[in-house]
Structure formats: structure tokens, C-alpha cells
Amino acid sequence: MTPPGPTIRPTRVPQVLAVALGVLVVARLGLAWWQGQGGSLPIPGYPAWASVGLIAVGIAWLAHTTRRTIAADRTSLDPQQAVTRLVLGKTSQVGAALLLGTYGALVWAAAEALPAPLAIERVMHGGLAVLACVGWLLAGRALEAACRIPDDSDADSPDTPPGDAGSSG
């Protein structure tokens, strides 16, 4: 039996990995071209990983509160809010995968110049940014999962009009 109304499918792990790997390859090729033209790699500082880490913490907190809210009373969350949080969880996964690939390419390119001092700094800050992106991605997955409303265990739900329990529509 299909659920009434439109549904949003969960984001699949292979899709997120394909985005991250695709961006990693394209960004690495772009950085190699840039270096071939005489350009230097960017030097990410603490804002690179700290800002992504703050986003990850915010999304994780929202996932936690959403899960608690739906567990306590599944009707207490406004449907529009639930959809907004679901879309935020999905876009967090895609955004994190994009940045993960980008910072991964930067770390990869900088690692080739080790043990130069600037390369060490690039690898360190870029690596922290990669870890923050992984945290953001996992927080987005948790938020998406928190928005899933559990099925009714019994047919006599307060939301089901009398006489509609068990009808196949």
C-alpha cells in the first residue's frame, strides 16, 4: 500500500559518496592545473574547519531535538517544519560532500609538498576541515533520519477517521 500524499526518499550513501569523489577528482585536477600555471595552493586557516564544525554542531543539535520531539509526540511538529528540517538534512549531506571533496583535494595536493612548512599547515588545517565535513555529513544524515515518522503500531490512530482503518483507498 502506498502512503497517502507525496513522499521524499532517503538520501542514499552511494549518491553522497559519488558527489564527494567526483568533486575530489575535479578539484584535484583544477588544483594541478592551477599549480601548473604558476599559482600557489590556498592556505586554509582555522575558519575553514571551525565554521564547518559550527554548522555540524548546529545540525546535530537540530537532529537531536527533532528526534526527541517526534518521539514524545509525533503530531507536535508542524508538517512544514518537518519538511524543512528534512530538506535541511538532505542538503547538509550534499553540501558536506561538496566541501569534503574540495578540502580533500587540497590536502592531497598539499601532501605532495611535505615536509615544507606551508604544506604542513595546509595539510593540518585542511585535514581538520575534512573531519568537520564528515561530522556535518553525519549530522545531516541524523537530521534526515530524525524526520522519519514511525509507522502506527495499531490501526486505531487518533489521526485516522473512523471507518478508514484498514481501507485500501
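Student: How many salt bridges does a search of the whole structure find?
Tutor: Two. Keep in mind that this is a predicted model.

Student: What makes Arg28 and Glu112 a salt bridge?
Tutor: The closest N and O atoms of Arg28 and Glu112 are 2.9 Å apart. The cut-off is within 4 Å, so the pair counts. It links distant parts of the chain, too: Arg28 is in helix H1, while Glu112 is in the loop between helix H3 and helix H4, 84 residues apart.

Student: Why is Arg28 called buried?
Tutor: Its relative accessible area is 10%. Buried means under 20%, so Arg28 gets that label.

Student: What about aromatic rings: how many pairs turn up in the whole structure?
Tutor: One aromatic pair. The rings belong to Trp33 and Trp34, with their centres 6.4 Å apart. The cut-off is within 6.5 Å, so they pair.

Student: Why is that pair called tilted?
Tutor: The planes of Trp33 and Trp34 are at 45 degrees.

Student: Why is Trp33 exposed but Trp34 partly exposed?
Tutor: Trp33 has 54% relative accessibility, which is over 50%, so it is exposed. Trp34 has 42%, between the 20% and 50% cut-offs, so it is partly exposed.

Student: What makes Arg28 count as lying over the face of Trp108?
Tutor: Arg28 is 5.5 Å from the ring centre. The distance limit is 6 Å, and the charge must also be within 35 degrees of the ring normal. Arg28 is listed as lying over the face of Trp108, so both conditions hold.

Student: Last one: how does the span of helix H2 compare with what is expected?
Tutor: H2 has 27 residues and reaches 39 Å from its first C-alpha to its last, close to the 39 Å expected. Its buried residues, including Val52 and Leu62, pack against H3 and H4.

Key: Residues numbered from 1 in each chain as written. Predicted model: local features only at pLDDT ≥ 70, side-chain atom pairs only at ≥ 80, totals over all residues. Heavy atoms only, no water. Salt bridge = Lys/Arg side-chain N within 4 Å of Asp/Glu carboxyl O. Helix = DSSP H or I, 4+ residues; strand = E, 2+ residues; numbered from the N terminus. Buried < 20%, exposed > 50% of the residue type's maximum accessible area, 1.4 Å probe, protein only. Phe/Tyr/Trp six-rings, centres within 6.5 Å; stacked < 30°, edge-to-face > 60°. Expected span 1.5 Å × (residues − 1). Contact = heavy atoms within 4.5 Å.
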